[in-house]
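I opened this entry to keep a record of what I looked up, starting with charged pairs and ending with the chain as a whole.

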Amino acid sequence: MFRRTTLRLALPAVLSATLLAAVAFAQSQDTQSVAEAARRARAQKKNSEKPAKVITDETLEVKKGDVQSAAAEQLRVPGSQETPAQPGAAANAPAQGSKTASDDKTHAALKERVELKEKIKEAMSDLDLLKREYQLDQDSFYSSPDYANNTSGKAKLDAMKQQIADKQQDLDRLKEQLAALPEAQESSTSTPPKS
């Protein structure tokens, strides 16, 4: 009986020791291969890296000066009154008089479109804020158990609702104005006239 007990205890101990050694060996091989793969990946990345791009005054596409002057110069149309006169341009002025007038009209239309788009963007932002504020005030008003007797709260909600309606009308009017403007024809200013 002592032998059976010894065999019952010894057999699992021997098997677990054998399996533990095999698992430990396999795990050490996996760890080494993963670490080696990571080293190889880093080495490949080092070799294939592109040199960093250096930004200088020559590589920038803005005019010399500060940012505001560069942005302002981008909106100008060549030949418009806002650009300084070039030497020798007085001799070509009579031949280009009609072209300059059309450029001025195109520039004015483009400027008006940009201004209208900015106004529309601002109006949409204001309208969104008003709607959100109205929703919060409405939730606060109706969460009160005695909201039926709160006449000042109801008056405030009604006033806000009217503001939202007015702002929506303003926004619609601005969109109609934008739609009524003629499309800016940039191709006519960039292509030379046919002779």
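**Charged pairs**

I began with K156, which forms a salt bridge with D137, the closest N and O atoms being 3.6 Å apart; I count a salt bridge when a side-chain nitrogen of Lys or Arg is within 4 Å of a carboxyl oxygen of Asp or Glu. Because K156 lies in helix α5 and D137 in helix α4, the pair ties together parts that are 19 residues apart in sequence. Helices here (H or I, at least four residues) and strands (E, at least two) are DSSP runs, numbered from the N terminus. I am working from a predicted model, in which local features need pLDDT of at least 70 and side-chain atom pairs count only at pLDDT 80 or more, while totals for chains, interfaces and linings use all residues. Residues are numbered from 1 along each chain as its sequence is written, and side-chain values use heavy atoms, with hydrogens and water left out.

I then looked up the accessibility of both partners, taking buried as under 20% relative accessible area, exposed as over 50% and partly exposed as in between (1.4 Å probe, protein chains only). K156 is partly exposed at 48% relative accessibility, and D137 is partly exposed at 22%.

Next I noted K167 and D126, whose side chains meet in a salt bridge at 3.5 Å, N to O. K167 lies in helix α5 and D126 in helix α4, so this pair ties together parts that are 41 residues apart in sequence. K167 counts as partly exposed at 22% relative accessibility, and D126 is partly exposed with a relative accessible area of 28%.

I also checked R40, which forms a salt bridge with E36, the closest N and O atoms being 3.5 Å apart. R40 and E36 are separated by about one helical turn, because they are 4 residues apart in helix α1 (residues 2-48). R40 is partly exposed at a relative accessible area of 49%, as is E36 at 42%. By this rule the count comes to 5 salt bridges.

**The nonpolar core**

Which residues touch the most other members of the largest nonpolar core? I found L116, I120, Y134, I164, L171 and L174, out of 14 residues in that core. The term stands for a set of buried Ala, Val, Leu, Ile, Met, Phe, Trp, Tyr and Cys residues joined through side-chain atoms within 4.5 Å. Helices α4 (97-143) and α5 (151-180) each supply at least two residues of this core, and the largest share, 7 residues, comes from α4.

For L171 I listed contacts (heavy atoms within 4.5 Å). Not counting residues up to four places away in sequence, L171 touches I120, A123, M124 and L127.

**F141**

Is F141 buried or exposed? F141 counts as buried, at 8% relative accessibility, and its place is in helix α4. Leaving out residues up to four places away in sequence, F141 touches Y147, N150, G153, K154 and L157. I also noted that the C-alpha atoms of F141 and K156, 15 residues apart along the chain, are separated by 9.9 Å.

**The whole chain**

Among contacts between residues at least 6 apart in sequence, 71% join residues at least 24 apart.
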